[in-house]
Every structure is written in C-alpha cells, then in structure tokens.
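Take a moment with the sequence and the 3D view. Begin with the whole chain, then zoom in.

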Amino acid sequence: MANLKEIRNRIVSISSTMQITSAMKMVSAAKLKKAQDAITAMRPYAEKQTELLQNLSATLDGDVGGEYTTQREIKKVLLVAITSNRGLCGAFNSNVIKEVKVRADYYSGKQVDVFAIGKKGNDVLGKSFAVVGNESKVFDALSFENVATIADNLTQQFIAGNYDRIELVYNQFKNAATQIVQTEQFLPLAPIKADKAVTPGDYIFEPSKEEIVLTLIPKSLKTQLYKGIRDSFASEHGARMTAMHKATDNATELRDQLKLTYNKARQASITSEILEIVGGAEALNA
C-alpha cells in the first residue's frame, strides 16, 4: 500500500485537475449557448436560400449554373477539413480526420489534397496529405466576411481547373452531446432535380431568372461554407463541454477512491502504532 504522503499528493493533484476541468466545462457551456444560437438562427436562412435557388433553376431550360456546375473527369480532389484550433474535446477532431481519410481512400488513384480550417486538422493531416491551405485564424474572428474570402478562394481554385471536385468535411451540431460528421459536395454544384423543386407562382423577375440564379450561386456557396464552419464551431464547444463534464466526474470518482484508500492506510498506521505501544508496555511489565 502506498504511503500516506504519496496518497495525499495524488489527492491534491486530482483536486487541482478537477478545478481545471470544471472551469473549462463552464467556459464551454457559456460559449456553446452563443454558438448554438448563431447556427440555429442561420439555418432557416440557408435553407430558404437553397430552396429559392432550386425553385428558380428548376424553371429554367438548360444548365444555367455556368462554371459552377461544370462536370469534369475527377482527377484532382480537394477535401476541406473543418476542425478546431484546440484539443480536449473528445473525438471531435479525430472523427473529422478519420472521415477525410475515408474520402481519400474513396478517391484512391486520384490526387487528393487537403485544405485545413483549424490547427488540429492541419497538424495531423499534414503528415499524410499535401495541405494546400490553412485558415486556422478564421476562428479568432468568425464572421461571414472572413469566411466569404475563403469561399471565394475555393471557388477560384475550382473555376481555374486546379480541382475537379471540392468537398467539405465537418461536424454538424445536433446537441451538446451529439455531433454528426458530414461530407458535403461544395463544387461542382450538384444537379438540381426538378421533381423536388416547387414551381414558383406568377411572379415578375427583375432582372431575369438567369441573372438571379447566377447571382445567388456565389452567395449560396459562401453561406454553405459559413454554415459548415458555424456548425463545427458549435459542435466543438458542445464536445468540449461533454468531455470536461466526463473528466470532472471521473476525477471526482478517483479522488473519492483515494480518500478511502488514505483513510484505510491512516487507520492501519494508527493501529500499528497502538499495537507497538501496547507491546512495549507489556514488555516493561514482564
């Protein structure tokens, strides 16, 4: 059995760890509320924008997407991995990294590059793939304007023919305890099925439908990327809050076990001392 000093030191160390994990849990909970409100408020706008684009496109003849819908033989693929800048959030980052590797295996024989949004993805995936970009600083000031710049860069990469397909891999926020890894095709735009679209009513469009669609597409791409990053941001804080909650519970259980061990060791030590005293007294009386 370990001596009393060693057990006391472990109890103090674990208690300090508990304070840290508990504080991190509270910080993540506060940040999660703000991030959750942001993604919840944004989803209806993104869905309505997509619906409007689909409805308009379905009423037009031919391909009106232009350079955004160009289907080329897939030779070069860019996977946009959206992770976090910090760890201590359970399997949040590792799930995205695993999915990126799964997608890379799917495109076996093709050139697969990675565009990292988040330090963790950049550090790990950089060992296995060519990381052609790293936009970790976007989380320092997360705004639509900053994300729009990244979306423009990705769009230009596709239009220039540097890549034949671009996909987003990120965690979609469901609730604080659940994050779902998603893979979305960013470019080229997926063909719109007319049977899923609702034909608009008798409206007058100014400018023309074609011009409206071509104007909506870049905005829709920016919104798609921004929603993915916002989803990931909320998921990160949810995952970290859950991980720190579990860590605090585990530390509490371990501390209680050590206290019980300490009390048993202390009791044994006191009993041993009493027996020595009694034995010495009996030896003197003999």
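This report moves from the overall chain to one helix and then to one residue.

## The whole chain

The model is predicted. The chain holds 5 helices and 5 strands. Along the sequence they follow the pattern α-β-α-β-α-β-α-β-β-α. The radius of gyration is 29 Å, well over the 19 Å that the globule rule gives for 286 residues, so the chain is more spread out than a compact globule. The C-alpha trace spans about 115 × 45 × 35 Å along its principal axes.

How much of the chain is buried? Of its 286 residues, 39% count as buried. The chain exposes about 16,000 Å². Carbon and sulfur atoms supply 53% of that area. Now take the contacts between residues at least 6 apart in sequence. Of these, 79% join residues at least 24 apart.

## Helix H2

Helix H2 covers residues 92–106. It has 15 residues. From its first C-alpha to its last, H2 reaches 22 Å. That is close to the 21 Å expected at 1.5 Å a residue.

Which residues of H2 are buried? They are Phe92, Asn93, Val96, Ile97, Val100, Arg103 and Ala104. Seen down the axis of H2, these buried residues fall within an arc of 130 degrees, so they line one face of the helix. The face turned away from the buried side carries the exposed residues Lys98, Asp105 and Tyr106.

What covers the buried residues of H2? The cover includes strands E1, E2 (111–117), E4 (165–175) and E5 (178–187). It also includes helices H3 (119–125) and H5 (209–285).

## Asn85, in a loop

Asn85 sits in the loop between strand E1 (76–82) and helix H2. Is Asn85 buried or exposed? Its relative accessibility is 19%. Buried means under 20%, so Asn85 counts as buried.

The side chain of Asn85 has polar partners in the backbone. One of its polar atoms lies 3.0 Å from the backbone nitrogen of Lys119. The side chain of Asn85 also reaches the backbone oxygen of Ser136, at 3.0 Å.

Which residues does Asn85 touch, not counting those up to four places away in sequence? They are Gly118, Lys119, Lys120, Ser136, Phe139 and Asp140.

Key
Residues are numbered from 1 along each chain as its sequence is written. This is a predicted model: local features need pLDDT of at least 70, side-chain atom pairs count only at pLDDT 80 or more; totals for chains, interfaces and linings use all residues. Side-chain values use heavy atoms; hydrogens and water are left out. Helices (H or I, at least four residues) and strands (E, at least two) are DSSP runs, numbered from the N terminus. Buried means under 20% relative accessible area, exposed over 50%, partly exposed in between (1.4 Å probe, protein chains only). A polar contact is a pair of N or O atoms within 3.5 Å; within protein, one must be able to donate a hydrogen and the other to accept it, and residues adjacent in sequence count only if both atoms are side-chain atoms. Contact means heavy atoms within 4.5 Å. The expected span of a helix is 1.5 Å times one less than its number of residues. The arc is that of the directions from the helix axis to the C-beta atoms. The radius of gyration is taken over C-alpha atoms; the globule rule is 2.2 Å times the number of residues to the power 0.38. Accessible areas come from the Shrake-Rupley method with a 1.4 Å probe; for residues, only the protein chains shown count as cover.
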